[in-house]
Amino acid sequence: MATLRDIKRKIGAVKKTQSITRAMNMVAAAKLRSTQVKMEKFKSYSEKYKEIINRLTQLAPIEEEYPLLQVREEIKKVHLVVIGADRGLCGAFNSNLITRVERFITDLKSRGQEAILTIIGRKPRDYFRRRDVNIKAQYVGVVGKIDYIMARRIATDVLSSFISGETDEVYVFFTKFVSMVRQEPTVERFLPIKPEVPAEGEVSIEYIYEPAPKIILEELLPKSLNITLYSHILESEVAEHAARMRAMENATNNCKEMINTLTLLFNKTRQAAITKELMDIVGGAEALRAK
Amino acid sequence: MAKILLEVITPDRLLVREEVDMVVAVATEGEFGVLPGHAALLTLLEIGEARYKKDGHIEYMAIAGGIAEVFKDRMTILTEAAELGREIDIDRAKKAAERALERLRKKEGVDIARADAALRRAVTRIKVAEKAKGA
């Protein structure tokens, strides 16, 4: 049976763990807020951008043969861009995402298509590095530090291998922030771009376009990829922090429960020891008197 | 007097949001000015200088290309990067220009279009910073 000192030591250890998990919970909460602020700022840019693209597609629907919209007849190589986390301790955040990607790769293989990966985040990188997959590019140790310029560089690389014919289709895997308690691994087609269906009604005001709408649109569409990728990266970051907050909250609660159980055990053991000592004393006294 | 509400938005911040008297920017077809009452306009912006006048004072900005929309006395500039003249670090811009020139000289294994754009951005920033100092 555990001695009093063992139990005491164990309680101390659990308490230390608890203060760490509690601190990590608070750090994640602070990071979550700052990422959300970043997201808000970016939204005013991306929403305006989308609004303009929408209006342009109303005026000048881009033809199907435009290379970024064209669905290729034969799809051999599929590019998967995986946005994960650098660090763990965030519940099933990474493993949910990885499972989703694995399932997708299995589907591709059964159709005889080849998967090419671009990975953001150390955790998914470590996983796929040990597997039989073709990793084209990896970005490790940067999650949380990715700014728009970097997202643009990643998107440009992805786009240029699509244009050169190295890849035929591109999908992005990221985790959607549904709510504080729900984050969903999600997949979205990145290239070819799904043409926006022009919104009905509100036939727009007479604009002067310089150059022609079609040319503006062809200039804006590739750039819209940067925006899409960057917003997915930000969303994944928010989801990661939310997942970590929850994981750390659970851990803190578990510590609390454990401390309660251990304290109970400690008290019981102490009581047992006192009772035993009393019995000894009483027994000894009885023995003496009996003489 | 009527004013224009100018907004300059980049992915990481709202650089300008002000009621101004006049805006001048560089479009693909050349420099253009916007006064209150301008017709609705949508245009692509080149890498270049933009300036606006407010209460007799002129403020200069370096714009790294993008889109400008004018609609009902509102002008929105969406750009991937923009700086106010007085924020620009001239020394850094000069160094960036030198680096870009260096790359252009090498020619081999260099993305010429990218280096050229970098050079134009740096030159614009130097120009704008100097103008802002003089103003």
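## Tour of the interface and of the chain A sheet

Start with both chains on display: across the interface of chain B and chain A there are 2 salt bridges, a salt bridge being a side-chain nitrogen of Lys or Arg within 4 Å of a carboxyl oxygen of Asp or Glu. This is a predicted model, in which local features need pLDDT of at least 70 and side-chain atom pairs count only at pLDDT 80 or more, while totals for chains, interfaces and linings use all residues. Residues are numbered from 1 along each chain as its sequence is written, chains are lettered from A and ligands numbered from 1 in the order in which they are written, and side-chain values use heavy atoms, with hydrogens and water left out.

**Stop 1: the salt bridges between the chains**

Select E80(B) and R152(A). They form a salt bridge whose closest N and O atoms are 2.4 Å apart. Next select E69(B) and K48(A), whose side chains meet in a salt bridge at 2.8 Å, N to O. E69(B) belongs to strand β6 of chain B and K48(A) to helix α1 (residues 4–59) of chain A, so this pair joins two chains. Helices (H or I, at least four residues) and strands (E, at least two) are DSSP runs, numbered from the N terminus. Over all chains the salt-bridge count comes to 26.

**Stop 2: the whole interface**

Now select the contact residues, with contact meaning heavy atoms within 4.5 Å. The selection holds 22 residues of chain B and 24 residues of chain A. The two chains bury about 2,100 Å² between them, 67% of it on carbon and sulfur atoms; buried area is the accessible area (1.4 Å probe) that two parts lose on being put together, summed over both. Which three residues supply more of the area that chain B buries against chain A than any other three? They are P11(B), L42(B) and E80(B), with 32% of that area.

For polar contacts, look for pairs of N or O atoms within 3.5 Å; within protein, one must be able to donate a hydrogen and the other to accept it, and residues adjacent in sequence count only if both atoms are side-chain atoms. Across the interface, 10 residue pairs are in polar contact, both residues at pLDDT 80 or more. On chain B, the strands β1 (4–10), β5 (41–54), β6 (57–71) and β7 (74–79) each supply at least two residues of the side that touches chain A.

**Stop 3**

Show residues 208–210 of chain A, which make up strand β6. This strand is joined to β5(B) by 3 bridges, and the two run parallel. Two strands pair if DSSP finds at least two bridges between them. Y209(A) stands opposite L42(B) in β5(B).

**Stop 4: the sheet of chain A**

In chain A, 5 strands form an open sheet in the order β3-β2-β1-β4-β5, with mixed pairing. The edge strands are β3 (134–139) and β5 (182–191), each of which pairs on one side only. Neighbouring strands are turned by 20° against each other on average, direction ignored. Axes here are lines fitted to C-alpha atoms, for helices over the stretch in contact, and angles run from 0 to 180 degrees between N-to-C directions.

- β1(A) and β4(A) run parallel and are joined by 5 bridges; H79(A) has V170(A) in β4(A) as its bridge partner.
- β4 (residues 169–179) of chain A and β5(A) run antiparallel, with 9 bridges. They form a hairpin with 2 residues between them. S179(A) is bridged to R182(A), and F177(A) stands opposite Q183(A).

**Stop 5: backbone details in loops**

Select L191(A) and P192(A). A cis peptide bond joins them, with omega about -10°. P192(A) is in the loop between β5 and β6 of chain A. Then move to E210(A) and P211(A), also joined by a cis peptide bond, with omega about -10°. P211(A) lies in the loop between β6 and α5 (213–290) of chain A.

Finish on chain B at D55(B), in the loop between β5 and β6. D55(B) is not a glycine, yet has a positive phi of about 50°.
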